[in-house]
Every structure is written in structure tokens, then in C-alpha cells.
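Visitor: I am new to this structure and would like to learn how to read it. Could we take it feature by feature?

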Amino acid sequence: MFDSKYYIERDKAVMLETYDRYPVVIEKGRGATAIDVNGKKYIDFAAGIAVNALGYADKNYVNAVIKQVKKVGHICNLYYNPTNIELAERVIAATGMKRVFFANSGAEANEGATKIARKYAADKYGPHRNVILTLNNSFHGRTITTLSATGQESYHKHFQPLTSGFVYPAENTVESIAETINENVCAIMIELIQGEGGVNLLDNDLVMGIQKLCDEHDLLLIVDEVQTGVLRTGKFLACNYFDIHPDIVTLAKGLGGGMPIGAVLANEKCEHVLSYGQHGSTFGGNPIVCAGAIEVMKRTTDPQMEKDVCEKGEYIRNKIKTFKNVKNVRGLGLFIAFDLINGNSKEVSREIAENGCLTLTAKSSMRLLPPLIISYKDIDKGLEIIKKSVEARAEK
Ligand SMILES: Cc1ncc(COP(=O)(O)O)c(C=O)c1O
């Protein structure tokens with residue numbers, strides 16, 4: 001049997017050096033427990049960055065995927081397929097949107113949203129109207145266009161020229177956003193919780209102000225729910241916490257439950273913007289991925305699960321609030337973050353991994369995104385490990 005060190009050395013020899021990985025080599029998992037090549041167990045409070053909604057090796061998920069791969073693994077999008085039709089129907093029923101396009105990732109979904117927004121505005125007002133306003137500290141993906149949509153300069157460095165047609169307000173306030181709007185702006189794209197940007201929850205006044213500006217200027221409201229969607233926040237969409245009517249919603253991560261998917265959802269205003277040949281994807285809507293996603297949809301639209309996610313989130317936040325050395329405990333559902341009074345979040349997260357719990361960071365914050373199915377027993381086990389490292393740095 002080979003140990004972690006053996007795999008880490010092999011990885012380092014052949015992979016592009018784009019990830020500052022934790023020294024953890026995961027081989028398998030069950031529920032909310034990941035298991036490394038040495039057999040060491042980790043309580044997973046990361047879920048593959050909000051992906052493994054049903055945890056590892058969920059029986060129904062695995063069966064759905066196996067059943068599908070035995071029938072048909074892939075067909076091209078020039079033919080119809082019952083599995084991706086069913087997924088589309090379920091996604092539409094859960095969100096109230098009108099139509100869906102399936103892609104393979106969050107970035108791709110946001111690329112699709114960008115295309116719809118630009119074409120909607122060009123058809124109605126002319127091609128000059130092609131600019132999308134995004135917020136400071138936003139994160140919308142890693143392709144050249146979605147990097148451009150990402151309102152964080154650190155991500156832009158080294159990759160100029162980026163796609164033109166994105167602007168950011170001086171500040172994330174309604175006034176500043178209003179000042180940034182001109183006749184070339186066609187849409188505003190937001191995350192309701194900025195995940196990669198530090199787990200910043202947008203407040204109701206800001207969100208409602210943005211909706212009002214969209215209504216007044218006929219701008220499309222695009223809500224990027226790649227990280228927040230599919231019950232992560234305790235509602236199927238984070239949009240459901242607000243009285244808003246987005247024109248486009250993007251999903252990815254949790255929807256696939258571990259397999260790559262992205263989805264662009266359009267409302268009645270946008271449902272006919274794209275026509276034959278104007279968008280596509282070889283793998284988008286792949287039946288195996290969709291079969292798994294159907295199982296995710298079945299479970300995440302169950303009202304009991306909604307209740308559980310809200311209660312577990314509340315439970316975790318309340319426990320963390322009792323830890324020494326923490327401040328700004330925040331989040332919705334199982335999208336949770338807190339700050340350390342003392343200590344470096346990356347270092348702490350690494351130590352916690354060493355002690356048997358996987359966590360994430362977001363800027364200088366600690367970020368927790370456990371699988372939605374995590375049990376209270378595993379929550380308690382994971383929190384004990386987190387507490388130890390967090391409190392060890394408390395000022396004496
Ligand atoms: C809000 C948001 N949008 C888009 C993306 C990009 O998704 P992907 O990595 O699947 O391309 C992410 C990834 O973290 C995200 O959090």
C-alpha cells in the first residue's frame with residue numbers, strides 16, 4: 001500500500017501548480033466522512049466546496065448513476081434524452097424559472113448567462129448595450145470572461161486582456177451602483193452570499209435596491225447561485241430569502257452532487273433570447289450527470305431536508321459562537337463562516353485537517369460547507385476538532 005507522501009510526490013511531478021493543496025490524499029468516503037489512502041478519516045465540512053450535497057457514496061445517488069451508465073452514458077445534444085428532460089423539469093419546478101440550459105461548470109453557466117444578457121439587450125436596444133455590472137469582491141469563475149466578471153483585481157493580474165464589457169461600482173452600495181449604470185449597461189450580476197469573496201451576505205436593502213434599479217432601467221438581474229443554490233442556504237435558492245424576480249439564475253456545484261454540471265435558468269423575459277446554433281455544449285446535459293442530479297433534486301426539494309439544513313446550520317453557528325477566539329459567525333443554512341480573532345485561517349484550516357476535519361477558508365475567514373446530509377454526531381465530532389485549533393490561538 002502506498003502512503004500519502006507517495007501520491008503527493010507523484011502529483012507534484014506532473015500537475016500544473018495551480019492548487020495549494022492540503023497534504024491529504026482522499027481515496028474514498030461514506031456520508032460526511034472522507035477517508036485517505038492511509039485509512040485516516042476526516043469529518044468533511046467542505047463537501048468538495050459545496051458540491052457533495054448528499055455526501056460520499058450515497059446509495060440512491062450511486063444507484064441512479066450506475067443505472068444510467070448501463071443504459072446510455074452519452075448522446076449528443078442533437079437528440080432528445082429522457083433523463084435530462086426530467087432534470088430540467090425538476091429544476092424548473094423548484095425555481096419557478098421557465099427554461100434551462102445545461103453546461104458543465106459554474107463558469108460555463110455564467111458564460112451562458114452573459115450571452116443571454118448581451119443578446120437580450122442587443123436585440124432590444126442595439127449592440128452598444130453589452131456591459132454587465134458586477135460587484136466588488138464577487139467571484140464568477142476562472143474563464144477569461146468570468147474572470148472579467150469577477151470584481152477582484154487579484155484574479156485579473158497576469159491575464160490581461162480580459163473580456164471587455166464588465167464594470168464594477170466604486171462601492172457595493174445602491175448609490176454607487178446607480179452611478180455606474182449608463183446606457184451601455186444591460187445587466188447586473190450578483191451573488192447573494194459572496195462565497196470566494198469572504199462569505200459576505202448581501203443585505204436586504206442592497207438586494208432590493210439592485211432589483212429596483214434593474215426594473216427602472218430594464219436591466220436583467222442575473223443571480224449567480226453556483227455556490228448558494230440547491231438548498232445550501234436552507235432554501236432551494238438563496239433568492240428565496242428576498243422579494244426579487246431574477247431574469248437569469250445560474251447553478252452548478254451542489255446540483256451535480258459530485259459530477260460536473262452547470263445550469264443557466266431563464267425566466268419568461270429571457271426564455272426565447274437564444275435560438276438554434278447560438279449556444280451549445282458537447283457534454284452539457286450528459287445523462288449520467290443528470291441522473292445523479294435528479295437524485296440530488298429529489299432530496300433537496302424535500303421540505304424535511306429544508307428544515308434539517310436550516311436547523312443544522314443554526315446549531316453549528318450557535319456552537320461556534322461559544323468558542324473562544326471567534327467573531328463574526330455568519331451564514332445561512334449550511335453556508336457558514338467565521339473569523340478568527342487571533343491566528344491565520346489557512347494555517348488553522350490545515351491544522352484542523354491534520355486533526356481529522358476538512359474545512360475551507362474564504363479570504364481571511366474560516367468557511368464551512370458540510371454535506372447537507374451530515375448527522376449531528378458528525379457535526380459534533382467535526383466541531384470538537386475545529387474548536388481545539390481555534391481556541392489554541394486565543395489570547396491568554
Ligand atoms: C459564485 C460562484 N460562481 C462561479 C463559480 C465558478 O464555478 P466553477 O468552478 O464550477 O467554474 C464559483 C466557484 O467557486 C462560485 O463560487
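This is a predicted model: local features need pLDDT of at least 70, side-chain atom pairs count only at pLDDT 80 or more; totals for chains, interfaces and linings use all residues.

Visitor: Which parts of the chain does the pair of glutamate 196 and arginine 367 tie together?

Guide: Glutamate 196 is in the loop between β8 (193–194) and β9 (200–201), while arginine 367 is in strand β17 (residues 365–368), so the bridge ties together parts 171 residues apart in sequence.

Visitor: Are glutamate 196 and arginine 367 buried or exposed?

Guide: The word buried applies under 20% relative accessible area. Both glutamate 196 and arginine 367 are buried.

Visitor: How many salt bridges does the count come to?

Guide: With a nitrogen-to-oxygen limit of 4 Å, the count comes to 19 salt bridges. Some are linked in a network, made of Lys124, Asp218, Asp247 and Lys269.

Visitor: Where do glutamate 311 and lysine 307 lie?

Guide: Both are in helix α11, four residues apart, or about one turn of the helix. Glutamate 311 has a relative accessible area of 37% and is partly exposed. Lysine 307, at 45%, is partly exposed.

Visitor: What does arginine 317 form with glutamate 314?

Guide: Arginine 317 and glutamate 314 form a salt bridge, with the closest N and O atoms 3.9 Å apart. These two residues are three apart in helix α11, so about one helical turn separates them. Arginine 317 counts as buried because its relative accessibility is 10%. Glutamate 314 is partly exposed, at 44%.

Visitor: Now the surface. Which residues make a nonpolar patch there?

Guide: Val62, Ile66 and Val69 make a nonpolar surface patch of about 210 Å². Valine 62 is in helix α3 (residues 59–71). Its relative accessibility is 31%, so valine 62 counts as partly exposed.

Visitor: And the backbone: what kind of peptide bond joins glutamine 160 and proline 161?

Guide: A cis peptide bond joins them, with omega about -5°. Proline 161 is in the loop between α7 (153–156) and β6 (166–167).

Visitor: Which residue other than glycine has a positive phi near 20°?

Guide: That is lysine 253, which is in the loop between β11 (248–251) and β12. Lysine 253 counts as partly exposed because its relative accessibility is 22%. Asparagine 325 is not a glycine either, and has a positive phi of about 75°. Asparagine 325 is in the loop between α11 (303–321) and β13 (326–332). With a relative accessible area of 8%, asparagine 325 is buried.

Notes: Residues are numbered from 1 along each chain as its sequence is written. Side-chain values use heavy atoms; hydrogens and water are left out. Patches are made of residues with over 30% relative accessible area and no salt bridge: like charges are joined within 9 Å, nonpolar side chains (Val, Leu, Ile, Met, Phe, Trp, Tyr) within 5 Å. Accessible areas come from the Shrake-Rupley method with a 1.4 Å probe; for residues, only the protein chains shown count as cover. A salt bridge is a side-chain nitrogen of Lys or Arg within 4 Å of a carboxyl oxygen of Asp or Glu. Buried means under 20% relative accessible area, exposed over 50%, partly exposed in between (1.4 Å probe, protein chains only).
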